[in-house]
Amino acid sequence: MAESTIEKRVVISTDPASLAESVAARLLNRIAKCGSDGSLVHISLTGGSMGSAVLAAAARHPRLGRVDWSRVHVWWSDERFVSREDADRNEKQAREALLDAIDIPAENIHAMSATDDGHDLDAAAERYAAELAHFPQEDGTPWPSFDICFLGVGPDGHIASLFPDRPEILITDRVAVAVRDSPKPPPERISLTRPVINGSRRVWLVLSGADKAGALGLALAGASYASVPVAGAKGRRRTIFFVDEAAASQVPPELIDREY
Ligand code: 6PG
């Protein structure tokens, strides 16, 4: 399917389950297509219920075997700074939902630090920036351009661990940042910054539930990303909001793509 240049697109599914299935199928398709020329594929995962639901749906999908996972690198846009085996870890949830079920080399899974890795939160952010710098872009940008940056969205419009009216959403001179006193527990997190997220070829945002409708409506209406971070998410080629009917209640009809 040719990629058009439409800025932001809204694709609606009936309910959370069909949303997860739909995004999972697209995710596997796109990963397979991106890697079909033998190049490395970089995808960034996120936390939250939809993040895990999509990965679990992918693990069940018949197209799972079509992907050459040896060329896929998995990153995270954010992580909760807790111990590695803590159920709150986005990495742990992703491994249980999908990564443990695929033949992906261990070194291709780039998890952010945990509290039991022996360094503090600021060092954890710095270490992730250094790991990303091992895959610089052709123009020297010290992080990969993710083929897909997959994000959940909070009811307040946060993405990754970039929250409204907090300094981290405005940071542009760092790759990854330490987040303290997070409005969403747990309190300590590591997050990629907006330039890295928006350096992605495709930003895919997945939203389910009526409590997300306001943030989505504001984002599409051009709200400031300082107060509605999701408003500032924009892939280089594509920005798609995958939503269910409940989250779509405030989406202008002209932005809804029934064909995609
Ligand atoms: C996290 C996530 C966060 C999440 C949103 C949406 O670590 O909590 O990265 O950004 O994706 O809060 O979560 P839900 O899909 O569960 O609403």
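**Cysteines and a helix pair**

Modeller: In this predicted model, the sulfur of Cys34 lies 13 Å from the closest cysteine sulfur, that of Cys149, which is too far for a bond.

Biologist: How many disulfides does the structure hold, then?

Modeller: The structure holds 0 disulfides. A disulfide needs the two sulfur atoms within 2.5 Å, and for Cys149 the closest cysteine sulfur, in Cys34, is 13 Å away, so a bond is ruled out by distance.

Biologist: Is Cys34 buried or exposed?

Modeller: Cys34 is buried, and its relative accessible area is 12%.

Biologist: And Cys149, buried or exposed?

Modeller: Cys149 is buried as well, with a relative accessible area of 0%. The cut-off for buried is under 20%.

Biologist: Let us turn to the helices. At roughly what angle do the axes of H2 and H3 cross?

Modeller: The axes of helix H2, residues 49-60, and helix H3, residues 90-97, cross at roughly 25° and come within 8 Å. H2 is therefore roughly parallel to H3, because angles under 35 degrees count as roughly parallel.

Biologist: Is the crossing of H2 and H3 left-handed or right-handed?

Modeller: The crossing of H2 and H3 is right-handed.

Biologist: Which residues in H2 and H3 meet?

Modeller: From H2, the residues are Ser52, Leu55, Ala56 and Ala59; they meet Gln93, Ala94 and Ala97 in H3.

Biologist: What is the contact of H2 with H3 like by class?

Modeller: The contact of H2 with H3 has 5 nonpolar residues, 2 polar residues and no charged residues.

Technical notes: Residues are numbered from 1 along each chain as its sequence is written. This is a predicted model: local features need pLDDT of at least 70, side-chain atom pairs count only at pLDDT 80 or more; totals for chains, interfaces and linings use all residues. Side-chain values use heavy atoms; hydrogens and water are left out. Buried means under 20% relative accessible area, exposed over 50%, partly exposed in between (1.4 Å probe, protein chains only). Axes are lines fitted to C-alpha atoms, for helices over the stretch in contact, and angles run from 0 to 180 degrees between N-to-C directions. Helices (H or I, at least four residues) and strands (E, at least two) are DSSP runs, numbered from the N terminus. Angles under 35 degrees count as roughly parallel, over 145 as roughly antiparallel, 65 to 115 as roughly perpendicular and the rest as oblique. A crossing is left-handed if the near helix is turned anticlockwise from the far one by less than a right angle, and right-handed if clockwise. Contact means heavy atoms within 4.5 Å. Ala, Val, Leu, Ile, Met, Phe, Trp, Tyr, Cys and Pro count as nonpolar, Asp, Glu, Lys and Arg as charged, and the others, Gly among them, as polar.
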